[in-house]
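Subject: Structure for you to look through

Hello,

Please find the structure below, with the sequence alongside. My notes on what was found in it follow.

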Amino acid sequence: MSPRRNHPRRRGGSDEPRALTDERVRKGIEGVQQWQDGEWMVRSIFGGAAVKTYRCPGCVQDIRPGVAHVVAWPIDGRGDESDRRHWHTGCWKARDRRLPGVERSRNAPRYG
């Protein structure tokens, strides 16, 4: 009896994962995700590629440089790449379970 294989056999050709070139690391890895509000193009940004500060629409907090996050924009005719928004990864994953955030000015009453 031969031993059991716990890992898939490697095949040559197009089944190999694409190499992470400098440009792919800078741009991130993207794919289409289906949500309740439509289809979104979502790009994962690695921490080393995040060089600017962005405001997360999920929690209305800053995404600091060096923090891995996602960039998302609608692809089902409701918008284009100009509608890109940078999200914390956790905020993006929980966005259908939380209410929209209310942004208040610094001198607005906190409750009421």
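The chain exposes about 9100 Å², and carbon and sulfur atoms supply 49% of that area. Accessible areas here come from the Shrake-Rupley method with a 1.4 Å probe, and for residues only the protein chains shown count as cover.

Two remarks on the source. This is a predicted model, in which local features need pLDDT of at least 70 and side-chain atom pairs count only at pLDDT 80 or more, while totals for chains, interfaces and linings use all residues. Residues are numbered from 1 along each chain as its sequence is written, and side-chain values use heavy atoms, with hydrogens and water left out.

Overall layout

The chain has two helices and six strands. Helices (H or I, at least four residues) and strands (E, at least two) are DSSP runs, numbered from the N terminus. Read from the N terminus, the order is α-β-β-β-β-β-β-α.

Of the 112 residues, 25% count as buried. Buried means under 20% relative accessible area, exposed means over 50%, and partly exposed is in between (1.4 Å probe, protein chains only). Contact means heavy atoms within 4.5 Å. Among contacts between residues at least 6 apart in sequence, 42% join residues at least 24 apart.

Gln36 and Asp96 are 60 residues apart along the chain, and their C-alpha atoms are separated by 7.6 Å. Gln36 counts as exposed because its relative accessible area is 74%.

The cores

A nonpolar core is a set of buried Ala, Val, Leu, Ile, Met, Phe, Trp, Tyr and Cys residues joined through side-chain atoms within 4.5 Å. Which residues form the largest one? It has 10 residues: Trp35, Trp40, Val42, Cys56, Ile63, Val70, Ala72, Trp87, Cys91 and Trp92. Strand 2 (38–45), strand 5 (69–74) and helix 2 (89–93) are the elements that give two or more residues to this core. A second, separate core has six residues, including Met41, Ile45, Ala49 and Val71.

Cys56, from the largest core, is in the loop between strand 3 (54–55) and strand 4 (62–63). Its relative accessibility is 0%, so Cys56 counts as buried. Leaving out residues up to four places away in sequence, Cys56 touches Gln61, Ile63, His86, Trp87, His88 and Cys91. Cys56 and Trp92 are 36 residues apart in sequence, with 9.1 Å between their C-alpha atoms.

The cysteines

A disulfide is a covalent bond between the sulfur atoms of two cysteines. In this search it is a pair of cysteine sulfur atoms within 2.5 Å. The whole structure was searched, and zero disulfides were found. Cys91 is buried, at 7% relative accessible area, whereas Cys59 is partly exposed, at 26%.

The aromatic rings

A pair of aromatic rings is described by the distance of the centres and the angle of the planes. Rings of Phe, Tyr and Trp (its six-membered ring) pair if their centres lie within 6.5 Å; planes under 30 degrees apart count as stacked, over 60 as edge-to-face and the rest as tilted. The whole structure holds two aromatic pairs. Trp40 and Trp92 form an edge-to-face pair, 5.7 Å centre to centre with 75° between the planes. This pair links distant parts of the chain, with Trp40 in strand 2 and Trp92 in helix 2, 52 residues apart. Both Trp40 and Trp92 are buried. Trp87 and Trp92 have ring centres 5.3 Å apart and planes at 75°, so this pair is edge-to-face as well. Trp87 is buried at 12% relative accessibility, and Trp92 at 2%.

Arg95

Arg95 is in the segment after helix 2. At 16% relative accessibility, Arg95 counts as buried. A charge sits over a ring if NZ of Lys or CZ of Arg is within 6 Å of the ring centre and within 35 degrees of the ring normal. The charged end of Arg95 sits over the ring of Trp40, 4.8 Å from its centre. Arg95 also lies over the face of Trp87, at 5.9 Å from the ring centre. Not counting residues up to four places away in sequence, Arg95 touches Trp35, Asp37, Trp40 and Trp87.

Regards
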